[in-house]
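Please look at the sequence and the structure first, and keep them at hand while reading.

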Amino acid sequence: MSKKSQIKAIRGMNDILPIETPLWLAVERVCSDVFAKHNYKQIRTPLLESTHLFARSIGADTDIVSKEMYTFDDRNGDSLTLRPEGTASTVRAGIENGLFYNQQQRIWYTGPMFRHERPQKGRYRQFHQIGVECYGWSSPDIEAEVLSMLDQVFQTLGLQDTELQLNSLGDSDTRSSYRAALVDYLSDHKQSLDEDSQRRLSTNPLRILDSKNADVQLVLEGAPSILDYLSDESSESFSTLRGYLDDLGIGYTINPKLVRGLDYYNDTVFEWVNAGYGAQATVCGGGRYDSMVEQLGGQATPGFGFGMGLERLVQILQEQGADIADRAAQDAADVFIISTGSKARSQALQLQASLVAVDVRVQCHMGEGSIKNQFKKADKSGAAIALIIGDDESAAQTVSVKVLRRTAEPIAQQSVLQNEASKLVTNLLESL
Ligand code: HAM
């Protein structure tokens, strides 16, 4: 095929290559272990949903719904959308399958999400999230549990320089009185606002708080704080949450300008931000959304959760040279089996199966190749031990065992019967 006619991946949609997946798998494993230990159960929902679902939950004025969704009509003329996030789908599935009525749920999910954003470092058109959603609790204890899980995940991964930012958006009365006060204040400074913020003044004024424009930020310094508008109930709940976090030893900063880019939140909202990663520094964001279930046709059920961006998390761990990233980079089989001829190859395959059965990772040489050549491959593979079945070994049903690395002192090559090899190899691997 000529270069010209090569088909490329779609802009903003990346292949995650075999050399990268060991770290992805390690991160996913840490998350799923921590979630399982807190008794969270996974949900798997379709990538495609009815377009109405997102328009009705995320909010028509948000960037996601107004300009970033992959929406198309299918062959029946139904408008479908590739999910831009996981919360709306989880709520839809929960209502449809009766998961909420008189019940409480701790749920997690992972998978690709789609947003037609301008691609740049940390921002893609297909990206992956791991998310958690909890239903049936309006109290801040569940919020502390979820934040504690995240803290445990980041500690286990060895993530550095991450800051938890917290805010409360209060209830809907809070937000409408705060909105009025904010619009009042910003209208007096309208000439200093950029075009985007001027437009938001009438559509979604709270989103102006999120503006990255330096002039707008200057104006915002004197803006009223939403925390001064919280009802007694919201204020007490927020302070109880902060108390739980203090007792758990989880640090945070209060950021009264944190509003999030989706419209469904009330009360607690949060983001974990990584200093030094650049413009797309938010690794994870979430909060409380007590009206979505009812809004989508279910019985009123409070919800709380987060979505974590895996591309960002994986890149930050790599940039920071975290242990988990180094270990993933050295990901190799424990054992490489060298063999020549079909009889020896058959014995090698049997040996591979017996070693795998006792949890040893084994790579077998396949195809032709001299012993010398296979040795070179064994060495390059990074395996700790080479097992050799040449003609002599094959006839005697033995195997030669040679330690290639993970040892300071050279260990002499030894020979064992093939049916005793797995014991010797597991003992050796333990001692290296
Ligand atoms: P979100 O803030 O839109 O929230 O996304 C959560 C995380 O997904 C972000 O912090 C970021 O790490 C990652 N992310 C978002 N967009 C992109 C992108 N274009 N490229 C790479 N990574 C991205 C939600 O999605 C909510 N559903 C979170 C939630 C769950 N709230 C309650 N429950």
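In this predicted model, helix α5 (residues 140-157) and helix α9 (residues 232-248) pack at an angle of about 40°, their axes lying 9 Å apart. Axes here are lines fitted to C-alpha atoms, for helices over the stretch in contact, with angles running from 0 to 180 degrees between N-to-C directions; helices (H or I, at least four residues) and strands (E, at least two) are DSSP runs numbered from the N terminus. Residues are numbered from 1 along each chain as its sequence is written. Local features need pLDDT of at least 70 and side-chain atom pairs count only at pLDDT 80 or more, while totals for chains, interfaces and linings use all residues, and side-chain values use heavy atoms, with hydrogens and water left out.

**Packing of α5 against α9**

- The crossing of α5 past α9 is right-handed, where right-handed means that the near helix is turned clockwise from the far one by less than a right angle, and left-handed that it is turned anticlockwise.
- On the α5 side, Pro140, Asp141, Glu143, Ala144, Leu147 and Ser148 meet Ser237, Thr240, Leu241, Tyr244, Leu245 and Leu248 of α9, contact being defined as heavy atoms within 4.5 Å.
- By class, the residues of this contact of α5 with α9 comprise 7 nonpolar, 3 polar and 2 charged, with Ala, Val, Leu, Ile, Met, Phe, Trp, Tyr, Cys and Pro counted as nonpolar, Asp, Glu, Lys and Arg as charged, and the others, Gly among them, as polar.

**Packing of α1 against α5**

- The axes of α1 and α5 come within 10 Å and cross at roughly 140°, and α1 likewise passes α5 in a right-handed crossing.
- Val27, Val30, Cys31, Val34 and Phe35 of α1 make this contact with Met149, Gln152, Val153, Thr156 and Leu157 of α5.
- The contact of α1 with α5 has 8 nonpolar and 2 polar residues, and no charged ones.

**Length and burial of the two helices**

- The 18 residues of α5 should span 26 Å at 1.5 Å a residue, and its end C-alpha atoms are 26 Å apart, which agrees; the expected span is 1.5 Å times one less than the number of residues.
- Of the 18 residues of α5, 13 are buried, so this helix is largely enclosed by the rest of the structure; buried means under 20% relative accessible area, exposed over 50%, and partly exposed in between (1.4 Å probe, protein chains only).
- Helix α1 (residues 21-37) has 17 residues that should span 24 Å, in agreement with the 24 Å between its end C-alpha atoms.
- Buried residues of α1 include Trp24, Val27, Val30 and Phe35, and what covers the buried residues of this helix includes β5 (105-114), β6 (126-135), α5 and α11 (310-319).

**Nonpolar cores**

- The largest nonpolar core has 47 residues, and those with the most contacts inside it are Phe35, Phe270, Met308 and Leu313; such a core is a set of buried Ala, Val, Leu, Ile, Met, Phe, Trp, Tyr and Cys residues joined through side-chain atoms within 4.5 Å.
- With 9 residues, α5 gives the most to this core.
- Apart from this core lies another, of 42 residues, among them Leu53, Phe100, Leu193 and Leu209.
- Leaving aside neighbours within four places in sequence, Phe35 is in contact with Tyr40, Trp108, Ile130, Val132, Met149, Val153 and Phe306.

**Positive phi values**

- Most residues other than glycine have a negative phi.
- Asn102, in the loop between α4 (87-96) and β5, has a positive phi near 55° and is exposed, with a relative accessible area of 69%.
- Asp359, in the loop between α13 (342-357) and β13 (362-364), has a positive phi near 75° and is exposed, with a relative accessible area of 73%.

**Arg56**

- Arg56 lies in helix α2 (residues 51-58) and is partly exposed, with a relative accessible area of 46%.
- Arg56 and Met292 are 236 residues apart along the chain, yet their C-alpha atoms are separated by 8.8 Å.

**Whole chain**

- The protein chain has 16 helices and 16 strands, and its C-alpha trace spans about 90 × 60 × 45 Å along its principal axes.
- Buried residues make up 49% of the 432 residues in the protein chain.
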